[in-house]
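Here is a short briefing to read alongside the structure.

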Amino acid sequence: MAKIHSLFVCGQCGYEAHKWLGRCPGCGAWNSFSEERFDSRGSSQGRQRREAVPTRLADVEVQAATRVATRISELDRVLGGGIVPGSLVLVGGEPGIGKSTLLLQVLGNLCRELRVLLVSGEESAAQVKLRADRLLQNVGPVEMLAETDVDAVLAAVRKSKPDLIVVDSVQTLFSGEISSVPGSVSQVREVAGRFMRMAKEDGVSVFLVGHVTKEGALAGPRVLEHLVDTVLQFEGDRNLAYRVLRSVKNRFGSTNEIGVFEMRESGLQTVDDPSALFLEDGQRSCGSAILAALEGSRALLIEVQALVAGSGMAYPKLVGTGIDRGRLAMIVAVLSRRAGLHLSGSDVFVNVAGGMRVEEPAADLAVALAIASAHRDSPLRGQTACFGELSLTGDLRFCVGAERRLDEAAKMGVGAVVLPEKNAGAIGAMNGVQLLPAGSLSAALSHVF
Ligand SMILES: Nc1ncnc2c1ncn2[C@@H]1O[C@H](COP(=O)(O)OP(=O)(O)OP(=O)(O)O)[C@@H](O)[C@H]1O
Ligand SMILES: [Mg+2]
């Protein structure tokens, strides 16, 4: 007989404990445990024994993976060329960022060549219709289910046999077999697991929408990230018009690929020339540096801004938007110790323009130059861009993708690029852009002031 017992589960990472804990030993999150109830189905005695049979890899027949292009170029790029049949894709992002919008556009584009189904546990059919009227010229044969019971959804799916399903959102669906509330770790895991099995068995492609907490974690379960094939993350400031879709994990393509969109009344429009979007026009002012960034396979220019102000506080502030705080603290320390900038006693603010997030170490130099420019109250010389990873010794380290970064700089009319000496040595010369090689942070500073 099924026995019900309860466990305490961390909402961030899925760590399980028998009693409530204030801090998760798994991921360090505070106050993240909630009680969940499980049915244990007795011992394995009653269950039918089944023997698994291994297959020789050489004998496995593979059908050429025919990807389905969504005809939204930026999304196809992030997916690695289109939707892989039978794949499970998790699309995460903060409320209101555009998850439902993008996926409805995908359904609208594909509904004439594939059987598509929208499962909405969040919005009524009428709400979805209103959005569809705004986004799609012709709603076409898009079908929808306003349903939250996953068993009912899967039964309907088995009957209508769609090729593509969008589930909006995984947190609103529940399975009657589990007694915890919808959105809890065990429910979300179960629901996603059911869709996973269906995707693999029937070759249906599934997009799961997942809500994201303020801290950027997928609410409930990071565990989902392991389960699914691809994780796409919507980023950007929802108050600004543009949004960045990033592939955090992709079993069928490269990760860290980004797609850039602009939110309009007619839906998310692809932005083909993102550098123009992230660079503000005109003369560079004090505290601004241009980073020649590489996001996945794509190079783009991003403006990094800094402000240094005398602090009246015992502990000066160090605030970074769009950049990791630990990395920022390291750059400030290297600037003080290796380049003689006296920043102690000052508040330092750094902002990546346009709501972008930069994670690559090659952004270090741009952050350092922006802070130095703000500190000196003097703009960087001319139209100069830069990239380079800082080491704790103040040296600049080799970065990948230098050619692509330089090509983008040339295309955008940047006159010169400060880059690590080792990269410059490997390249030699470049058409249209002056190379300013620097072995150290001090050398880079002397190039731009
Ligand atoms: N008429 C409109 N004109 C322009 N933009 C609109 C309009 N209506 C909605 N939007 C944009 O669409 C966004 C909401 O998009 P969407 O519903 O796809 O987000 P979501 O990520 O699915 O949010 P949630 O997590 O709440 O479901 C709004 O934040 C707004 O920017
Ligand atoms: Mg939505």
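**Domains, an interface and a helix**

Welcome to this predicted model. Let us begin with a helix whose buried residues can be listed: in helix 9 they are D364, L365, A366, V367, A368, L369, A370, I371, A372, S373 and A374.

**Helix 9**
- Helix 9 covers residues 364–376, 13 residues in total, and spans 18 Å from its first C-alpha to its last, close to the 18 Å expected at 1.5 Å a residue.
- Eleven of the 13 residues are buried, so the helix is mostly covered by the definition of under 20% relative accessible area.

**Domain layout**
- The protein chain is split into domain 1 (3–42), domain 2 (68–272) and domain 3 (276–448).
- The centres of domain 2 and domain 3, taken over C-alpha atoms, lie 36 Å apart.
- Their contact draws on 15 residues from domain 2 and eleven residues from domain 3.

**Where domain 2 meets domain 3**
- About 1,100 Å² is buried between domain 2 and domain 3, with 53% of it on carbon and sulfur atoms.
- On the domain 2 side, Y242, R246 and I258 lose the most area to domain 3, together 41% of what that side buries.
- Two salt bridges are found across this interface, and four residue pairs are in polar contact between the two domains.
- Helix 1 (73–79), strand 10 (242–250) and strand 11 (258–264) each supply at least two residues of the domain 2 side that touches domain 3.
- R246 also forms a salt bridge with E295, where the closest N and O atoms are 2.7 Å apart.

Note on methods. Residues are numbered from 1 along each chain as its sequence is written. Chains are lettered from A and ligands numbered from 1 in the order in which they are written. This is a predicted model: local features need pLDDT of at least 70, side-chain atom pairs count only at pLDDT 80 or more; totals for chains, interfaces and linings use all residues. Side-chain values use heavy atoms; hydrogens and water are left out. Helices (H or I, at least four residues) and strands (E, at least two) are DSSP runs, numbered from the N terminus. The expected span of a helix is 1.5 Å times one less than its number of residues. Buried means under 20% relative accessible area, exposed over 50%, partly exposed in between (1.4 Å probe, protein chains only). Domain bounds come from an automatic or database domain assignment. Contact means heavy atoms within 4.5 Å. Buried area is the accessible area (1.4 Å probe) that two parts lose on being put together, summed over both. A salt bridge is a side-chain nitrogen of Lys or Arg within 4 Å of a carboxyl oxygen of Asp or Glu. A polar contact is a pair of N or O atoms within 3.5 Å; within protein, one must be able to donate a hydrogen and the other to accept it, and residues adjacent in sequence count only if both atoms are side-chain atoms.
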